[in-house]
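Please keep the sequence and the 3D view at hand while reading.

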Amino acid sequence: MSGRELFCQPRRVRRGAALTLVFAGLLVTGAATGAFPDPGQSDRKTPAGAARATAGHEDVAKAAAEAMADGKSPMEAAERAVSRSGDRWAAVYSEGEYQEFEEALDGQYTGVGLWARRTADGRIDVTKVQAGSPAAEAGISKGDRLRSIDGEDVDGRPVTDVVSLLRGDATDARAGTTVTLGLERGTRAWSETLRRALLSTDSVTVRKLSAGITVIRISAFTRGSGELVRTAVRQAPADGGIVLDLRGNSGGLVSEAVTAASAFLDGGLVATYDVDGAERSLHAEPGGDTARPLVALVDGGTMSAAEMLTGALQDRGRAVVLGSRTFGKGSIQMPTRLPDGSVAELTVGHYRTPSGHTVDGRGITPDLEVSSGALERAETVLSGLGDPS
């Protein structure tokens, strides 16, 4: 198992998939970036906004306000109210946690720039160091062993715990705070005190395979990722196919997923969705590349906005979808700011693929089910040596 600082689990595990940039980049973010049509609609609200709220939001806000009036924790009261709501995607975040999510949607995270994995014997090894990061400037290298973080032994601990310590989640650590790492390289053991920094992520990476095939991997739909996909498609060899790798993509900003869809579609429907019972639709921009062979790779970690994109490409016959059934997160959350600065999110609607397929709780079934060697199979399909039907 391996991990990077961006993708740590939040301290309150019941938030589930919310950490990983759930579908809406939140409803407010989708609205703010133009993801949703008709900007005059009143159901778009910022966490501090005053537009209409669902009954669930009103219940949670009331519980938080009453707790504050009684000198109790509004956040804890809100969590209890959310727990009673029966909403599987509902969550309550501290002010610091919510800020982290907003940074993540901007393609940023606070940390020291390390990737790590746990070996079979429980060691925690550094697998990558981000260029220009505090870890890189301190001379930490791939292959170094991480022994401790702020005096806590990390041997045998889950990678998610290690990542959480690196980021300073327990204290809502910000950029500029320090963390001391105990390290080992061969016979040398030493410690380094680093200052956390606000670092950028690479949500879209591009590489070339044989026969002119281009692999575009999208790890999350952060701001600007959709345009990076369009650029990658324009720069791909004209006579080669494309593999769109959405495995492990946890979602993100709807607007960016729609922009990515626009790279492969000549306008038309991407998805429909409802908010408080009112149906809306999302459309791709015209002018996308509709001729180049395309395979989309998915798995059980393909979620929300990534499922929306997959469903659009599959339903409209634009891509062969290859891999395993996707996660099944097709709901929309709306945030509400609570009196202590924390934020509550409750589900207000769901989206459907162009053919009307409901994703939430079901996921998307690929055209070709492949459990291993997915990329190799994608190459075969694109080269015309396999049968994609």
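## Terms and model

A residue is called buried when its relative accessible area is under 20%, exposed when that area is over 50%, and partly exposed in between. The structure described here is a predicted model.

## Salt bridges

A total of 19 salt bridges is counted. One of them joins Glu285 and Arg230, with 3.2 Å from N to O. This pair connects distant parts of the chain: Glu285 belongs to the loop between β15 and β16 (294-298), while Arg230 belongs to helix α7, and 55 residues separate them. Glu285 has a relative accessible area of 42%, so this residue is partly exposed. Arg230, at 16%, falls under the 20% limit and is therefore buried.

Another salt bridge holds Glu152 and Arg157 together at 2.9 Å, N to O. Here Glu152 is partly exposed at 37%, and Arg157 is partly exposed at 24%. Asp245 and Arg247 also meet through their side chains, at 2.9 Å from N to O. In that pair Asp245 is buried, with a relative accessible area of 4%, whereas Arg247 is partly exposed at 25%. Salt bridges also link Arg145, Arg147, Asp155 and Glu184 into a network.

## The six-stranded sheet

Six strands make up an open sheet with mixed pairing, and their order is β11-β12-β13-β16-β17-β20. The edges are taken by β11 (204-208) and β20 (368-369); each has a single partner strand, so one side of each has no neighbour in the sheet.

Within this sheet, β13 (residues 242-245) runs parallel to β16, and four bridges join the two strands. Leu244 has Ala296 of β16 as its bridge partner.

## Helix α8

How much of helix α8 is buried? Nine of its nine residues (254-262) are, so the helix is largely enclosed by the rest of the structure.

## Thr310 in helix α9

Thr310 lies in helix α9. Its relative accessibility is 0%, so Thr310 counts as buried. The side chain of Thr310 comes to 2.8 Å from the backbone oxygen of Ala306.

Leaving aside residues up to four places away in sequence, Thr310 touches Leu246, Val298, Thr302, Val321 and Ile364.

## Aromatic pairs and charges over rings

Three aromatic pairs are counted. In one, the ring centres of Trp89 and Phe327 are 6.0 Å apart and the planes stand at 50°, so the pair is tilted. Trp89 sits in the loop between α3 (74-85) and β2 (91-93), and Phe327 in the loop between β17 (320-323) and β18 (331-337), so the pair ties together parts 238 residues apart in sequence. Trp89 is buried at 8% relative accessibility, while Phe327 is partly exposed at 38%. A further pair is formed by Tyr93 and Tyr98, whose ring centres lie 6.2 Å apart with planes at 50°, so this pair is tilted. Tyr93 is buried at 0%, and Tyr98 is buried at 3%. Together with Phe101, Tyr93 and Tyr98 form one aromatic cluster.

Charged side chains also meet rings. Lys329 lies over the face of Trp89, 5.0 Å from the ring centre. The charged end of Arg188 is placed over the ring of Trp190, at 3.9 Å from its centre.

## Positive phi values

Most residues other than glycine have a negative phi. Asp150 has a positive phi, near 50°. Asp150 is located in the loop between β6 (145-149) and β7 (152-153), and is partly exposed with a relative accessible area of 45%.

Asp172 likewise has a positive phi, near 50°. Asp172 is in the loop between α6 (159-167) and β8 (178-185).

Note on methods
Residues are numbered from 1 along each chain as its sequence is written. This is a predicted model: local features need pLDDT of at least 70, side-chain atom pairs count only at pLDDT 80 or more; totals for chains, interfaces and linings use all residues. Side-chain values use heavy atoms; hydrogens and water are left out. Buried means under 20% relative accessible area, exposed over 50%, partly exposed in between (1.4 Å probe, protein chains only). A salt bridge is a side-chain nitrogen of Lys or Arg within 4 Å of a carboxyl oxygen of Asp or Glu. Two strands pair if DSSP finds at least two bridges between them. A polar contact is a pair of N or O atoms within 3.5 Å; within protein, one must be able to donate a hydrogen and the other to accept it, and residues adjacent in sequence count only if both atoms are side-chain atoms. Contact means heavy atoms within 4.5 Å. Rings of Phe, Tyr and Trp (its six-membered ring) pair if their centres lie within 6.5 Å; planes under 30 degrees apart count as stacked, over 60 as edge-to-face and the rest as tilted. A charge sits over a ring if NZ of Lys or CZ of Arg is within 6 Å of the ring centre and within 35 degrees of the ring normal.
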